[in-house]
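Here is a friendly walk through one protein chain, written for someone who would like to find their way around it. Please keep the viewer open while you read.

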Amino acid sequence: MSLKIKVCGMKDLDNMLDLIKLPIDYMGLIFYEKSKRYVSALDAHFIKAIPGIKKIGVFVNASEQEILQKISDYGLAGIQLHGHEDPDFCLRLKSKDILVIKSFGIDENFDWQSLNAYESVADYFLFDTKTSNHGGSGIHFNWDLLRNYPLEKPYFLSGGLSAENIREASQISDPRLYGLDLNSKFEFKSGIKNVELLEQTLKNMNYEQVPG
């Protein structure tokens with residue numbers, strides 16, 4: 001199975017319209033006010049009408065009410081929880097037929113057993129580099145740590161993925177690796193993606209994945 005591609009941190013409408021011309025599966029919209037890529041004054045109706053791509057809302061310790069409202073307003077296909085949301089919180093949302101991606105910051109001291117409580121309440125995990133800013137650091141963690149992952153839940157890989165290292169990431173031999181989450185290394189500035197770089201990188205990646 002080819003890897004799914006998620007491009008996160010979009011906040012410009014024209015940039016979004018350029019992005020959907022590429023073979024990208026998910027587009028991430030960040031609803032966290034402290035983020036440099038916060039979706040602030042964009043037209044929700046316009047975003048809701050964008051075709052051909054699944055829109056994922058990224059939240060950090062938001063209330064259930066706020067999340068449900070954003071799902072409705074923006075036509076979100078799912079949510080990515082990037083804070084300290086507990087399993088019960090995830091379960092309440094998943095029980096409403098909402099796609100739930102639960103994010104975890106990974107470093108050398110990460111407790112992999114802590115994932116057990118989330119296995120049945122998330123559709124996917126997302127493994128990012130542990131920072132104090134809930135992601136967006138542009139730094140990738142030691143991918144060898146993924147060997148310690150004990151569960152069968154599929155996951156997205158995030159944190160510092162770039163045109164230079166995406167080949168290495170795409171060749172990680174792990175059937176649980178579901179998709180790659182691209183963000184800051186493909187930007188002109190925060191929230192504005194370099195679509196040409198994304199296009200060329202995806203072409204190179206697809207070529208490299210073709211058995212020869």
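Asp97 is exposed, with a relative accessible area of 76%; exposed means over 50%, buried under 20% and partly exposed in between, using a 1.4 Å probe and protein chains only. You will find Asp97 in the loop between helix 4 and strand 5. Helices (H or I, at least four residues) and strands (E, at least two) are DSSP runs, numbered from the N terminus. This is a predicted model, in which local features need pLDDT of at least 70 and side-chain atom pairs count only at pLDDT 80 or more, while totals for chains, interfaces and linings use all residues. Residues are numbered from 1 along each chain as its sequence is written, and side-chain values use heavy atoms, leaving out hydrogens and water.

Asp97 also has a backbone feature to look at: its phi is positive, about 60°, although it is not a glycine. Most residues other than glycine have a negative phi. Asn61 is another non-glycine residue with a positive phi, and it sits in the loop between strand 3 and helix 3. The table sets the two side by side.

| Residue | Phi | Relative accessibility | Class |
|---|---|---|---|
| Asn61 | about 55° | 41% | partly exposed |
| Asp97 | about 60° | 76% | exposed |

Now for the overall fold. The chain has six helices and 10 strands. Eight strands close into a barrel in the order 1-2-3-4-5-6-7-8, with parallel pairing. Neighbouring strands of this sheet are turned by 30° against each other on average, direction ignored; the axes are lines fitted to C-alpha atoms, for helices over the stretch in contact, and angles run from 0 to 180 degrees between N-to-C directions. Two strands count as paired if DSSP finds at least two bridges between them.

Four of its five residues are buried, so strand 1 is largely enclosed by the rest of the structure. On one pairing, strand 1 joins strand 8 (residues 177–182) over four parallel bridges, with Ile5 opposite Leu180. Strand 1 also pairs in parallel with strand 2 (residues 26–30) over three bridges, where Lys6 stands opposite Tyr26. Between strands 1 and 2 the chain passes through helix 1 (residues 13–19) in a right-handed β-α-β crossover; right-handed means that, with the strands pointing away from the viewer, the path from the first strand over the helix to the second runs clockwise.

Ile30 lies in strand 2 and is buried, at 8% relative accessible area. Leaving out residues up to four places away in sequence, its contacts (heavy atoms within 4.5 Å) include Cys8, Tyr38 and Val58.

Further along, strand 4 (residues 78–81) and strand 5 (residues 99–106) run parallel and are joined by four bridges, and Gly78 has Leu99 as its bridge partner.

Which residues of helix 3 (residues 64–74) are buried? They are Ile67, Ile71 and Tyr74. Seen down the helix axis, they fall within an arc of 95°, so they line one face of helix 3; the arc is that of the directions from the axis to the C-beta atoms. These buried residues pack against helix 2 (44–49), strand 3 (54–59), strand 4 and helix 4 (87–94). Gly75 follows helix 3 and has a positive phi, near 65°.

Finally, 51% of the chain's 212 residues count as buried.
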